[in-house]
Amino acid sequence: MKEVSCKLLVIGAGPSGYVCAIRAGQLGIDTVIVEFGKPGGTCLNVGCIPSKALIHAAEEFEKISHMATGKSPLGISIAKPSIDLEATIAWKDGIVSRLNSGVAGLLKKAGVKTVHGWAKFRDGKTVEVQTETGMQVVRAETVVIATGSAPVELPFLPFGGAVISSTETLALSEVPERLAVVGGGYIGLELGIAFAKLGAKVSVVEALPRVLALYDAELTRPVVKRLAELGIEVLVNAKAKGLSSKGDALLVETASGKNAKIAADRILVTVGRKPVVEDWGLEQIDLDMAGKFIRIDDQCRTSMRGIFAIGDVTGEPMLAHRAMAQGEMVAEIVAGHKRSWDKRSIPAICFTDPELVTAGLSPDEAKRLGGEIKVGLFPFAANGRAMTKMSEDGFVRVVARADNQLVLGIQAVGQGVSELSTAFGLALEMGARLEDIAGTIHAHPTQGEGFQEAALKALGRVLHV
């Protein structure tokens, strides 16, 4: 049995874990990272990156398909396209592989030792790792738990056969003729829209009164409109009940209480994600929990001295960029720097069609704080760049305090608005006021001008509507 000692042990090489390890290595900390799968975690391997690759391929296919109808206002005509999904998936896998290698290279460059296997706690300072070459024991002064999350399985729709999670969906070799999606959140709609564009007949079953319920209705309205344009059937206030006896349909209780069947070749279940807290010896270290997540403080310290937890295992929002920020912070704390979690904003993006971005507070959330607010909304229908891209649906919305113009939140819906998230996050983090945004020159012609115009609208001096 091989034994290794180090100052810092990171369990899990997802976005939080590998960033923590790289930063620790840069700071000269003797670091070991343990990972069972490929580096990059859910985000890189079966989440953010592969899903956006598939979404991009679907967007391109849908554009060309529209041109093939002979109705393109751009004057472009083309023969009806076809898609080889196996080739698309191979292209997607190539991107993932390049990024896997990139993360492994960055860890090596930072001097981090990588151990491949599943870590299991013996105690708060020691883990056992079953590797391909036998058991390895790692002893560390400080341990960081970054074990991530996994898809939630419904007991009456267990994964297997026709019932798949997002992981299997991103590896399909052909486009299903009929796809039923259980869950109208961002994962279900992102993938449902992509497969509708690829030619699948898609139905979405959502138990709540509307899809994308985490976002306000004004913001999601353009997405709901687009779902209808793509021919996606949406059942709200409906409950998935199970798989038909022949395995060819999803059983549903509709909003009116009637039983129905949705014919489906594949049933994608996207009802949330759960932290991975089992099978790594949690009982050996007895950490305090916050519900199903590991409880942490504003420095990501757990209830046990010398053990930190970061990323999805610590709770919502389960976003890769939050996880990365936690990882970087914890590495610096371990190095002796004075750091704590003081972020004003964690932008969130939904890569539907059109895309959604939120940063900070929505109008309703700001109102609940009790103060008077101003809201400025600028439609892309009045934006020249949006017109040239044939993407006039959507808007940018800015929420600010009425007394001192401090910006409290920024939201947008529209094609390509995910790229505006950086400006939104920066404005909130820098404590911008409406005048700061309105007084900043925004390049023309861009959709970013909508951000400036929304601030001008809130100030009562909008120029282009």
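**The parallel sheet and its surroundings**

Tutor: Start with an open sheet of five strands, ordered β8-β15-β9-β10-β11, with parallel pairing. Its edges are β8 (163–164) and β11 (233–235); each has a single partner strand, so one side of each has no neighbour in the sheet. This is a predicted model: local features need pLDDT of at least 70, side-chain atom pairs count only at pLDDT 80 or more, and totals for chains, interfaces and linings use all residues. Residues are numbered from 1 along each chain as its sequence is written, and side-chain values use heavy atoms, with hydrogens and water left out. Strands (E, at least two residues) and helices (H or I, at least four) are DSSP runs, numbered from the N terminus. Two strands pair if DSSP finds at least two bridges between them.

β8 runs parallel to strand β15 (residues 266–269), and two bridges join them. Ile-164 stands opposite Leu-268 in β15. Helix α6 (residues 186–197) packs on this sheet, touching β9 (178–182), β10 (201–205) and β15. The direction of α6 makes about 165 degrees with that of β10. Contact means heavy atoms within 4.5 Å. For angles, axes are lines fitted to C-alpha atoms, for helices over the stretch in contact, and values run from 0 to 180 degrees between N-to-C directions.

Now the packing. The largest nonpolar core has 36 residues. A nonpolar core is a set of buried Ala, Val, Leu, Ile, Met, Phe, Trp, Tyr and Cys residues joined through side-chain atoms within 4.5 Å. Buried means under 20% relative accessible area, exposed over 50%, and partly exposed in between (1.4 Å probe, protein chains only). Leu-54, Phe-195, Val-202, Ile-232 and Leu-356 have the most contacts inside this core. Two or more residues each come from α3 (48–68), α4 (85–109), β9, α6, β10, α7 (217–229) and β20 (348–350). The largest share, six residues, is from α6. Take Ile-232: setting aside residues up to four places away in sequence, Ile-232 touches Gly-192, Ile-193, Ala-196, Val-202, Val-204 and Leu-227. Another core lies apart, with 27 residues, among them Tyr-18, Val-19, Val-112 and Val-334.

Strand β21 (residues 355–360) and β24 run antiparallel, joined by six bridges. Ala-359 stands opposite Ile-410 in β24.

Next, α13. Nine of the ten residues of α13 are buried. β22 (373–379), β23 (395–401), β24 (407–414), α11 and α12 are included in what covers these buried residues. After α13 comes Gly-460, whose phi is positive, near 85 degrees. Thr-446 lies in the loop between α12 (434–438) and α13. Thr-446 is partly exposed, at 28% relative accessible area. Leaving aside neighbours within four places in sequence, Thr-446 is in contact with Asn-383 and Arg-385. The C-alpha atoms of Thr-446 and Asn-383 are 7.9 Å apart, although 63 residues separate the two along the chain.

Finish with the rings. A search of the whole structure finds three aromatic pairs. One is Phe-121 with Trp-280, tilted, at 5.7 Å centre to centre and 55 degrees between the planes. Phe-121 lies in strand β4 (residues 118–123) and Trp-280 in the loop between β16 (273–275) and β17 (289–290), so the pair ties together parts 159 residues apart in sequence. Another is edge-to-face: Phe-424 and Phe-451 have ring centres 4.9 Å apart and planes at 65 degrees. That pair links α11 (residues 421–429), which holds Phe-424, with α13 (residues 449–458), which holds Phe-451, across 27 residues. Rings of Phe, Tyr and Trp (its six-membered ring) pair if their centres lie within 6.5 Å; planes under 30 degrees apart count as stacked, over 60 as edge-to-face and the rest as tilted. Phe-424 is buried at 0% relative accessibility, and Phe-451 is buried at 5%.
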